[in-house]
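The sequence and structure come first.

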Amino acid sequence: MCSLWRGSLLTLTSSLNRRVFQCCRQFGRSYNIASCMPEAVAFQGVSDHSGLYKFSVNESDRFWGAVARQRLSWISPFHTVQNCDFSQGKIKWFEGGKLNVSVNCLDRHVHTCPERVALIWERDEPGTEVKITYRQLLELTCRLGNLLKRQGVRRGDCVTIYMPPCPLAVASMLACARIGAAHNVVFAGFSSEALADRIRDAQSSTVITVNQGVRGGKVVDLKRTVDQAVQNCPSVQQVLVAMRTENTVAMTDRDVPLEEEMMKEDVVCEPVAMDSEDVLFLLYTSGSTGKPKGLVHTQAGYLLYTSLTHRYVFNYHDGDVFGCVADIGWITGHSYIVYGALCNGGTTVLFESTPVYPNPGRYWEMVERLEINQFYGAPTAIRLLLKYGDEWVQNYNRSSLKTLGSVGEPINTEAWEWYHRVVGDGRCPVVDTWWQTETGGICIAPRPADPEAEIVPGMAMRPFYGIKPALLDTEGEVLSSNDSTGALCISQAWPGMARTIHNHHQRFTETYFQPYPGFFFTGDGAHRSKEGYYQIVGRLDDVINVSGHRLGTAELEDVVVCTIKSHQIKCIYIALRTQPKTPNSKQCRCRSTIIIMCLPKTRSGKIMRRVLRKVVERNTDELGDLSTLDDPDSVHEVIRVPQLHIDNSPTASP
Ligand code: WTA
């Protein structure tokens with residue numbers, strides 16, 4: 001096993017360096033700065049992409065100030081572009097400004113193009129999509145906003161939304177934004193315990209759900225899960241229930257039939273003038289301790305950052321159909337299905353199904369039918385589809401595609417090349433986008449870039465405007481030269497970053513700002529190549545040192561996936577460090593390795609390392625909530641695995 005993957009790692013590295021794709025065809029050779037970004041004409045001395053990037057990080061106030069004035073509709077202007085201090089975890093953007101996010105996402109487009117399609121709801125059953133125009137979405141949002149107000153929801157309250165991707169879920173998010181409430185969308189695959197935890201932490205009095213969900217041909221009783229959850233949530237006073245299926249479900253005094261009641265409401269709902277730094281939403285993400293963190297995003301900065309990245313990373317233009325197949329319960333859904341896309345007046349797809357329902361051609365059949373221009377998905381799905389062969393892709397016309405995106409985990413070279421060559425017919429740039437719930441939007445991606453700039457497979461490559469990455473070593477020193485690997489940090493604030501952890505500001509500063517004082521610490525490791533491009537090597541707490549090489553799970557997974565024929569993938573070598581290693585945390589010298597047969601992965605494709613750790617520590621009674629796992633049985637296989645090999649020997653620090 002060892003020599004097998006060590007040898008392959010060398011092959012992989014050299015092939016990575018050799019194969020460089022030139023795939024930017026969307027610009028001609030000659031262009032002016034306005035075609036890069038219209039706002040940039042006002043920036044003196046800026047004449048190309050590199051100049052604009054430098055301006056955005058060196059003159060951050062002028063850059064973000066100009067972009068914010070141009071791209072957002074303000075009720076009153078801001079007086080201060082930024083007021084940030086990493087040492088206290090203080091992040092404030094556009095203070096003094098007032099705006100309403102739903103007006104930016106809806107009303108202003110209704111004024112210019114009311115009949116443009118805002119949402120294409122790609123329902124589980126292929127060919128049954130529903131299109132919602134901007135005018136209709138504004139009406140839904142206003143009725144819902146009025147209903148929420150009638151039900152006692154006030155500015156500053158937090159509404160929990162437990163719904164699959166559907167227009168009423170988007171309208172619920174925007175209705176909260178319209179009346180000044182925050183939302184807390186909980187992924188509708190979470191268990192009742194996970195939901196209850198999040199409702200309690202957010203102190204919601206209102207929950208919005210559907211009677212049942214439909215996914216991959218199966219009906220899921222979501223309302224029943226909510227009923228179980230709210231038994232343990234004394235704050236909940238009402239549950240609004242939309243009807244996704246025609247089946248009736250038991251309703252109690254607490255439950256409100258959503259469609260019926262919203263139809264009684266007016267189609268006009270006065271938007272509340274919100275301060276830039278009022279809370280827009282909480283989104284829980286699992287922390288390494290198992291206690292989820294409610295990351296807080298606010299109004300103006302988040303909206304601006306998602307709209308700018310949506311426009312320039314994907315080269316989104318008016319009239320394009322943007323197909324992000326994430327769930328709205330994750331940050332990707334919030335930022336690119338909902339806020340970024342709608343702020344740009346885009347047409348955005350809400351995908352309710354799975355990549356293999358009713359067959360592995362689902363994505364590409366949908367691309368043909370909906371004429372999708374930008375397709376944004378996860379490596380885990382790409383790897384799965386690759387196994388089924390090219391025919392499932394080639395059966396469908398994909399000529400509408402212009403940009404392909406990848407997010408959520410490192411994309412291995414084989415999957416990247418298949419995505420580029422087979423799905424995109426070798427003509428679409430593939431943007432491997434690195435970011436996190438904490439960053440709000442994409443921070444590192446191959447685009448935007450100079451025209452014709454190269455794209456290297458499996459690399460996020462270039463920081464976005466305003467993002468200044470830094471790599472730090474274990475002593476906390478900045479690695480200034482290229483061809484180095486370290487902890488990925490970001491040196492200065494950007495408008496999209498999370499502002500705090502709900503009710504736990506201290507945990508926020510401890511997690512993100514104390515490990516490397518003066519920097520935002522991402523928790524990921526990265527390599528900066530000789531050319532200065534960034535490649536994410538995975539979570540830092542999973543890094544191991546093998547024969548003097550620092551290896552991350554990304555590299556290991558890449559080798560395993562590249563080396564062994566897909567159908568033979570039965571084992572993978574995972575390394576676990578029980579604690580993250582940063583200069584300010586106690587050094588952990590104990591490493592555990594485990595060879596297992598089957599990985600416990602979440603539906604969004606992330607390996608649940610917390611579970612593996614517990615197995616290694618022989619702590620299987622405390623595995624915690626497993627409901628987000630794609631296949632909860634995989635845990636039992638891990639526990640039973642015959643090759644389980646535990647090596648708790650101390651290792652030298654790298
Ligand atoms: C990982 C998802 C490699 C990374 C938007 C990060 C990636 C975590 C990439 C955040 C990528 C995300 N290449 N790794 N392109 N994108 N990650 O909060 O470890 O669900 O810290 O946000 O996913 O996951 P989250």
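**Strand pairing and sheet**

In this predicted model, N184 stands opposite L282 of strand β15. The strands concerned are β8 (residues 182–185) and β15 (residues 279–285), which pair in the parallel sense over two bridges. The points below place this pair in its sheet and then turn to the ligand, the cavity and the backbone.

- The sheet is open and has eight strands, in the order β13-β12-β9-β7-β8-β15-β16-β25.
- Pairing within this sheet is mixed.
- In general, the strands of a sheet pair through backbone hydrogen bonds, in either the parallel or the antiparallel sense.

**Ligand site**

- The ligand is surrounded by 16 residues, and the closest of them are D432, T433, Q436, T437 and D524.
- D524 places a polar side-chain atom 2.6 Å from an oxygen atom of the ligand.
- For Q436, an N or O atom of the side chain is 2.9 Å from a ligand oxygen atom.
- At E409 the backbone takes part instead: one of its polar backbone atoms is 3.5 Å from a nitrogen atom of the ligand.
- On its own the ligand has 530 Å² of accessible area, and the protein covers 90% of that area.
- Two or more residues of the shell come from each of the elements α12 (331–343), β21 (430–433) and β27 (534–539).
- By class, the shell around the ligand consists of six nonpolar, five polar and five charged residues.

- Empty space left between atoms is shown by rolling a probe the size of a water molecule over them.
- How many cavities of 30 Å³ or more does the structure hold? There is one.
- The volume of the largest cavity is about 30 Å³.
- Its lining is made up of V185, V186, F187, F190, R198, L283, Y284 and G329.
- Of these lining residues, six are nonpolar, one is polar and one is charged.
- Two of the lining residues, V185 and L283, fall within the residue ranges of the paired strands β8 (residues 182–185) and β15 (residues 279–285).

**Backbone features**

- Most peptide bonds are trans, and most residues other than glycine have a negative phi.
- The peptide bond from Y357 to P358 is cis, with omega near -5°.
- P358 belongs to the loop between β18 (347–351) and α13 (362–370).
- R447 and P448 are also joined by a cis peptide bond, here with omega about 5°.
- The loop that holds P448 runs between β21 and β22 (454–455); strand β21 also gives residues to the ligand shell.
- E371 is not a glycine, yet its phi is positive, at about 50°.
- E371 sits in the loop between α13 and β19 (374–377).

Definitions and conventions. Residues are numbered from 1 along each chain as its sequence is written. This is a predicted model: local features need pLDDT of at least 70, side-chain atom pairs count only at pLDDT 80 or more; totals for chains, interfaces and linings use all residues. Side-chain values use heavy atoms; hydrogens and water are left out. A residue is near a molecule or strand if one of its heavy atoms lies within 4 Å of it. A polar contact is a pair of N or O atoms within 3.5 Å; within protein, one must be able to donate a hydrogen and the other to accept it, and residues adjacent in sequence count only if both atoms are side-chain atoms. Accessible areas come from the Shrake-Rupley method with a 1.4 Å probe; for residues, only the protein chains shown count as cover. Helices (H or I, at least four residues) and strands (E, at least two) are DSSP runs, numbered from the N terminus. Ala, Val, Leu, Ile, Met, Phe, Trp, Tyr, Cys and Pro count as nonpolar, Asp, Glu, Lys and Arg as charged, and the others, Gly among them, as polar. On a 1 Å grid over the protein atoms alone, a cavity is a set of points where a 1.4 Å probe fits but cannot get out, and a pocket is an open set with protein on both sides within 12 Å along at least five of seven lines; lining residues have an atom within 4 Å of a point. Grid points are joined across faces, edges and corners, and a volume is the space filled by probe spheres set on the points. Two strands pair if DSSP finds at least two bridges between them.
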